[in-house]
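Subject: Structure for you to look at, with notes

Dear colleague,

I am passing on a structure that I would like you to read alongside these notes.

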Amino acid sequence: MENKIEVLDLNAGFGSTHVLKNISINIPKNRVTAIIGPSGCGKSTFVRCLNRIHELVPSAWVNGRVLLDGKNIYDSDVDPVDIRRRVGMVFQKPNPFPAMSIYDNIAYGPKIHGMKAKLDEVVEDSLRKAALWDEVKHRLKDGPLSLSGGQQQRLCIARALAVEPEVILFDEPCSALDPVATAKIEDLILELKENYTIVIVTHNMQQAARIADFTAFFLMGELIEYGETAQIFENPRDKRTEDYITGRFG
Amino acid sequence: MNMLSRKAMDRLFTFFCIASTALAIIPLGSMLYTIFVKGFSVISIDFLTKLPTPAREAGGGFGNAIQGSFIVVGIASIIGIPLGIGAGMYLAEFPNSRLSRIVSFTADVLTGVPSIITGIFAYLLIVLRFGGFSALAGGVALATMMIPFIVRTTEEAMKLVPAELREASLALGAPRWKTSLAVVLSTARFGIITGVLLTIARIAGETAPLLFTAFNNRFWFDGVMNPVATLPVMIYTYAISPFEDWHAQAWGGALVLVAMILVLNIGIKLAAGRRW
Amino acid sequence: MKLRVPSFSILNGKNWKFTPDTLFQIFLGVLSIISVIVLAALLLRELIKGSWPALSTFGLEFLFSTAWNPVTGEFGALPFIYGTIVSSMLALLIGVPLSLGIAVYLTEIAPSRVRAILSPVVELLAAIPSVIIGLWGIFVLAPFVREHLAPPLMNYLGFLPLFKGPAYGYSVLTAGLVLAIMIIPIISSVSREAILAVPSLQKEGSLALGATRFETIISVVLPYAKGAIFGAVMLGLGRAIGETMAVTMVIGNNPQIFTSLLHPGYTMAAVIANEFTEATDDVYLAALIEIGLVLFAISMVVNIIARVITWKYLKLEEGLS
C-alpha cells in the first residue's frame with residue numbers, strides 16, 4: 001500500500017504563534033485517514049497545509065516538506081494553483097457560490113482548468129459521484145441556496161470532484177449538518193475512497209471510528225500517535241491518546 | 001486556457017489594479033502640488049486681511065471673502081444644526097413610527113440633491129421675497145444641504161449607543177425624555193459633533209448654492225440682508241476672469257480654502273481616533 | 001444592527017395625556033417634519049412654481065428642443081440634457097473600472113502598510129471642493145487634454161465621429177475626466193466595503209479549486225458583491241449628474257450638440273450656474289428653473305434606484321447569513 005502524501009517535519013503557524021510542531025505522517029493512497037484531537041490542536045491548520053491554503057493568510061508561515069507522489073509541494077518550481085486542483089477541499093460550512101446556478105457552481109472548476117469539452121457530462125458525472133444527481137437534475141439552473149444544508153455540502157463535494165482531484169480534504173464537513181445528512185456524507189466518503197485519497201478532520205470520534213482506515217491524534221500542535229483506526233481506539237500506545245479517546249478531556 | 005495564460009491574466013489584472021490606484025492619485029498629487037506652488041507665493045498678511053482691488057492693481061486680498069465664508073457657514077449652521085439634530089434624534093428614538101420611515105427615506109433622498117438646486121430654492125424663497133441677494137439666502141441654501149447629512153449622522157451616532165444603557169436608565173424609573181437627553185444624547189455627543197463638523201467641512205467649499213444667493217461683494221460684510229463675498233465664489237470669479245493676477249489670487253484663495261478644509265478634516269479624524 | 005428601543009409610541013392608541021414624554025415626542029416629531037418633510041415639499045413647490053411660466057409656455061417640447069435663444073425667447077433643454085448624460089456616462093466609463101481596480105487593490109492586493117497610507121489618500125480626493133478641482137481643470141487638465149490627449153485621439157481614432165477634431169481643451173472629454181476623478185472616491189470606498197463583506201469562505205472555496213486570484217475576484221467575489229457595487233455606481237452617477245462648478249469650468253459652455261467628445265458642451269447644472277444671474281425676463285428665468293426641475297427629477301430617480309437596490313441587496317445578505 002503506497003503513500004499518496006508524505007509529510008516530513010512540518011512546522012507552521014501565524015506570525016509568532018507556532019501552531020504545528022514537527023509533524024511527520026504518511027497518508028496512504030485510496031484510504032480514509034482521520035485527524036482527531038481537541039479544539040485548537042492544529043488539525044485544520046494541518047490539512048490546510050496539504051493544499052497550500054494555509055499560506056493565503058498574510059502572517060502565515062510554513063516549514064518542512066509535504067511530498068505529493070514523491071514531489072515536495074512547497075518546492076519553488078511548483079505552482080500552488082496546480083496543487084489545489086490535485087488536492088481538493090470541502091469546508092466546514094457549505095460554501096456554494098450564490099451568484100451562480102447549481103450547474104455553474106460545478107462547471108466553474110473545469111472551465112477554469114480548460115476542461116471545457118463535454119461540460120454537461122462532467123457536471124452530471126460529478127453530481128452522480130456526490131449522490132446528488134437525482135435530487136437536482138431537474139433544477140440545475142436554480143440557485144444553490146434553495147438546497148438544504150446537507151445537499152449544499154454534497155454540492156460542494158461534487159464541485160470539488162469536477163476538477164478531477166487525486167486527494168480530497170474534508171475539514172469537519174458534517175459539523176453544520178443534521179444526523180441524516182451526516183450519514184449520507186459518511187456513506188459518500190466510503191464510496192469515494194475507492195478512487196480518491198481522503199483526509200478527514202473531525203472532532204467526532206465515532207465518525208472517525210465509523211469511516212476511517214487510519215486515524216491520527218493531534219494534541220497542541222503535535223502528532224501524538226497514528227495508526228490503523230482499530231488500533232488507535234482499542235489499543236492506544238500513548239496515554240494522552242487514551243485519555244482523549246475515553247473522554248477525559250477535549 | 002493553459003497555465004501560462006492564466007498566470008499572465010492574473011499578473012495583468014494585478015497590474016491593472018495597481019495602475020488604477022496610481023491613476024487616481026496622480027491628479028490628486030497634481031492638484032495639491034499646483035495649489036501649493038501657485039498659491040504659496042500669493043499668500044501674505046495683506047492677502048488674508050485686505051479687500052480686493054481692481055484687476056492689475058497690486059495689494060488686494062481675500063479678506064472679505066474669508067470673513068464672508070465664516071459668516072454664511074455660521075448662518076447655515078444656526079439654521080441647520082438644531083433642525084438636523086432634532087430630526088436625527090427623532091429617528092433614533094422613535095424608529096418604528098410611520099413618520100420615522102418617511103422622514104428617513106426623504107432625508108436619504110435629499111442628500112443627493114444637486115447643490116445648484118439648493119441655490120435655486122434659496123433664491124426663490126429668500127432673494128425674491130426680500131428683493132435682493134443676501135448672506136441670509138446663502139445661509140439658507142447651505143442649510144438645505146446640511147440638514148439631510150446631519151439628520152443621518154446624528155441618527156447613526158445615537159443608534160450606536162448600546163440598548164443596555166437606555167434600558168438601565170428606564171429601569172431606574174427615568175422618563176423617556178430624560179433618558180434620551182441625559183443618557184443617549186450625551187453618550188453619543190462625540191459622534192454627533194463629528195458628524196456636524198464633517199458636514200460643515202463639506203459645505204464650506206460649496207460654490208453653486210452661493211452663486212445667486214449670497215452672490216458676491218467687493219467690500220466687508222455689511223449685514224445679513226446684503227450680498228457678501230465668500231471664498232469659493234471669489235475663487236470661481238477670479239479663475240474664469242481674463243486677468244492673470246486674478247488667476248494667481250484664485251490659487252491663493254484655493255490654498256486658503258483647502259488648508260482650512262484639510263485642517264478641519266484631519267483634526268476630526270485625529271480626535272475621533274483618540275476617543276474610540 | 002437591531003435597535004432595542006421600547007417600541008411603543010406614546011402617541012399610539014387613544015388614551016394619551018400631555019406628559020413630558022409625549023411632549024418630547026411631539027416636539028421632536030415636529031422638528032423632523034419641518035427639517036425634512038416641509039423642506040422637501042417646499043423645495044418641490046418652489047421649483048414647480050418658479051418654472052411655471054416656462055412649463056406652461058413650452059410644455060413637453062421643452063425637453064426635446066435644441067433652441068436656446070434668450071433674445072427671441074425660445075428655450076429648449078435638449079442640449080443640456082444631452083451634455084449631462086454624455087459627460088456622466090463618460091465619467092462612469094472611465095471612473096467605474098478605475099474605482100473597482102482601486103477597491104480590489106486596497107482590499108486584496110496591497111500590503112497592510114501600503115493600504116494604511118493609500119486609503120486616506122484616495123479619500124482625500126473627496127474632500128477637495130468642486131471649484132478647486134475646476135481651477136485645476138482650467139489651468140492643468142484642459143491644456144493637457146488639448147496638447148497631449150486630444151491629438152493622439154484625433155490621429156488614431158479620428159475616423160470615428162466621437163473623436164473628430166479640431167480639439168479644444170474645454171470639452172466634453174475634459175468634463176468627463178474631471179467627473180471621473182470626482183466620483184472615484186465614493187464608488188471605490190463603497191465597493192471596498194462590499195468586497196470586504198464577502199466571506200473568506202467564498203474566496204477560499206474558489207482558491208481551493210485551483211483558481212487564480214484574478215479568477216476568484218472576477219467570478220466569485222465581485223458577483224457576490226454586485227448589489228452593493230451597483231448601488232455604489234448609482235451613487236457615483238447621481239453625483240456626476242449634479243456636479244456644477246468643476247464641469248462648468250472645463251466643458252466650454254456651448255449650448256450646441258456636437259457628436260465629438262473633443263468639442264465643448266453644456267450641462268443642466270452648468271447652464272443654471274452661468275446664466276441664472278443674467279436672466280433678464282421671466283420666461284428666461286423660468287426656463288432655467290425648469291431645467292433645475294428636470295435635473296432635480298433625474299437625480300432623485302437615480303438616487304432612489306440606488307437606495308432601493310442597496311436596500312434589496314442588504315435584505316438578500318441577511319437572508320444568506
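This is a predicted model: local features need pLDDT of at least 70, side-chain atom pairs count only at pLDDT 80 or more; totals for chains, interfaces and linings use all residues.

Just after H1(C) comes Gly59(C), which takes a positive phi of about 65°. By contrast, the C-alpha atoms of Leu47(C) and Gly210(C), which are 163 residues apart along the chain, are separated by 58 Å.

Turning to chain C as a whole, its secondary structure comes to eleven helices and two strands, and along the sequence these follow the pattern α-β-β-α-α-α-α-α-α-α-α-α-α. The C-alpha trace of chain C spans about 65 × 65 × 30 Å along its principal axes, and 53% of its 321 residues count as buried. Among its contacts between residues at least 6 apart in sequence, 74% join residues at least 24 apart.

Chain C also meets chain B, with 76 residues of chain B in contact with 70 residues of chain C. On the chain B side, the largest share, 18 residues, comes from helix H1 of chain B, residues 3–40. Sorted by class, that side of chain B has 51 nonpolar, 17 polar and eight charged residues.

Chain A brings us to strands. Four of them form an open sheet in the order S2-S1-S4-S5, with antiparallel pairing. Strands S2 (17–28) and S5 (71–72) of chain A stand at the edges, and each has a single partner strand, so one side of each is left without a neighbour in the sheet. Strand S1 of chain A, residues 3–14, is joined to S2(A) by eight bridges, in which Ala12(A) is the partner of Leu20(A) and Leu10(A) is the partner of Ile23(A). These two strands form a hairpin with two residues between them, and Gly15(A) in the turn has a positive phi of about 55°. S1(A) also pairs with strand S4 of chain A, residues 60–68, in the antiparallel sense over eight bridges, and here Ala12(A) stands opposite Val62(A).

Gly13(A), which lies in strand S1 of chain A, is partly exposed, with 19 other C-beta atoms within 10 Å. Apart from its neighbours within four places in sequence, Gly13(A) is in contact with His18(A), Val19(A), Leu20(A) and Trp61(A).

Elsewhere in chain A, five of the five residues of strand S7, residues 167–171, are buried, so this strand is largely enclosed by the rest of the structure. On one side are Val167(A), Leu169(A) and Asp171(A), on the other Ile168(A) and Phe170(A), and all are buried, so that both faces are covered. In a regular strand the side chains alternate between the two faces of the sheet. S7(A) runs parallel to strand S6 of chain A, residues 87–90, through four bridges, and pairs in the parallel sense with strand S8 of chain A, residues 197–201, over five bridges.

Finally, the largest nonpolar core has 264 residues, and those that touch the most other members are Val199(A), Ala137(B), Ile235(B), Ala254(B), Ile132(C), Val178(C) and Val250(C). Helix H5 of chain C, residues 172–196, gives the most to this core, with 16 residues. Setting aside residues up to four places away in sequence, Val199(A) touches, among others, Val167(A), Leu169(A) and Phe170(A).

With best wishes

Conventions: Residues are numbered from 1 along each chain as its sequence is written. Chains are lettered from A and ligands numbered from 1 in the order in which they are written. Two residues are in contact if their C-beta atoms, placed from the backbone, lie within 7 Å. Ala, Val, Leu, Ile, Met, Phe, Trp, Tyr, Cys and Pro count as nonpolar, Asp, Glu, Lys and Arg as charged, and the others, Gly among them, as polar. A nonpolar core is a set of buried Ala, Val, Leu, Ile, Met, Phe, Trp, Tyr and Cys residues joined through C-beta atoms within 7 Å. A residue is buried if 20 or more other C-beta atoms lie within 10 Å of its own, exposed if 12 or fewer, and partly exposed in between; C-beta atoms are placed from the backbone. Two strands pair if DSSP finds at least two bridges between them.
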